[in-house]
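The sequence and the structure are shown first, and the description follows.

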Amino acid sequence: MRHRQSGRKFGRSASHRQALTRNQVTALLRHGRIQTTEAKAKELRRWVERVVTVAKPANVHAHRQAALYVNDREVAQKLFATYVERYKERNGGYTAIYKLGPRHGDGAPMALVVMVD
């Protein structure tokens, strides 16, 4: 039984899952919106919310913690310049997930993850 076990495994190894998470967090912060499967979108929401919240103090420690999940320096600068300023008065709820319907190839339910204004 999976009592109190959080997170989805996606049939991947731990390192592959970690790389997927970091790449999706970086892509969402870079583009402001990405299209992915519903399960990945729901898991991505957990990590993006955490990264933005951790970045809010905007001190050296916050930069180092955000660097654990943001792979690109330009995106990290955008996180601290744009997103921290945009969400400084907001306590969570930085992302929205919109369901798009099934994917044509395999019928997987798709979703659009968007950074809220």
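The structure described here is a predicted model.

## Helix 1

Helix 1 contains 18 residues. From its first C-alpha to its last, helix 1 reaches 26 Å, close to the 26 Å expected at 1.5 Å a residue.

The buried residues of helix 1 are Leu20, Thr21, Gln24, Val25, Thr26, Leu28 and Leu29. The elements that cover them include strand 1 (33-37), helix 2, helix 4, strand 2 (95-102) and strand 3. In general, an α-helix has 3.6 residues a turn, so residues three or four places apart point the same way.

## The nonpolar core

The largest nonpolar core of the model has 25 residues. Within this core, Val25, Leu29, Val70, Leu79 and Met115 have the most contacts. At least two core residues are supplied by each of helix 1 (14-31), helix 2 (38-55), helix 3 (60-67), helix 4 (73-86) and strand 3 (109-115). The largest share, seven residues, comes from helix 2.

Val25 is also one of the buried residues of helix 1. Not counting residues up to four places away in sequence, Val25 touches Leu44, Trp47, Val48, Val51, Tyr69 and Val70.

Two packed helices are described by the angle between their axes and the distance between the axes. For helix 1 and helix 2, the axes come within 10 Å and cross at roughly 70°. The two helices are therefore roughly perpendicular to each other. On the side of helix 1, the residues that meet helix 2 are Leu20, Thr21, Gln24, Val25, Leu28 and Leu29. Their partners in helix 2 are Lys40, Leu44, Trp47, Val48 and Val51. By class, this contact has eight nonpolar, two polar and one charged residues.

The axes of helix 2 and helix 4 also come within 10 Å, and they cross at roughly 95°. Because of this angle, helix 2 counts as roughly perpendicular to helix 4. Helix 2 makes the contact through Val51, Val52 and Ala55, and helix 4 through Leu79, Phe80 and Val84. The contact of helix 2 with helix 4 has six nonpolar residues, with no polar and no charged ones.

## Tyr69 in its loop

Tyr69 lies in the loop between helix 3 and helix 4. Is Tyr69 buried or partly exposed? Tyr69 counts as partly exposed because its relative accessibility is 23%.

The C-alpha atoms of Tyr69 and Asn23 are separated by 8.1 Å, although these residues are 46 residues apart along the chain. Leaving aside neighbours within four places in sequence, Tyr69 is in contact with Arg22, Val25, Thr26, Trp47 and Val51.

Most residues other than glycine have a negative phi. Phe10, which is not a glycine, has a positive phi of about 60°. Phe10 is found in the segment before helix 1, and at 25% relative accessibility Phe10 counts as partly exposed.

Ala58 is not a glycine either, and its phi is positive, at about 60°. The place of Ala58 is in the loop between helix 2 and helix 3. With a relative accessibility of 42%, Ala58 counts as partly exposed.

Notes
Residues numbered from 1 in each chain as written. Predicted model: local features only at pLDDT ≥ 70, side-chain atom pairs only at ≥ 80, totals over all residues. Heavy atoms only, no water. Core = buried A, V, L, I, M, F, W, Y, C linked by side-chain atoms within 4.5 Å. Buried < 20%, exposed > 50% of the residue type's maximum accessible area, 1.4 Å probe, protein only. Helix = DSSP H or I, 4+ residues; strand = E, 2+ residues; numbered from the N terminus. Contact = heavy atoms within 4.5 Å. Axes fitted to C-alpha atoms, helices over the stretch in contact; angles between N-to-C directions. Parallel < 35°, antiparallel > 145°, perpendicular 65-115°, else oblique. Nonpolar A, V, L, I, M, F, W, Y, C, P; charged D, E, K, R; others polar. Expected span 1.5 Å × (residues − 1).
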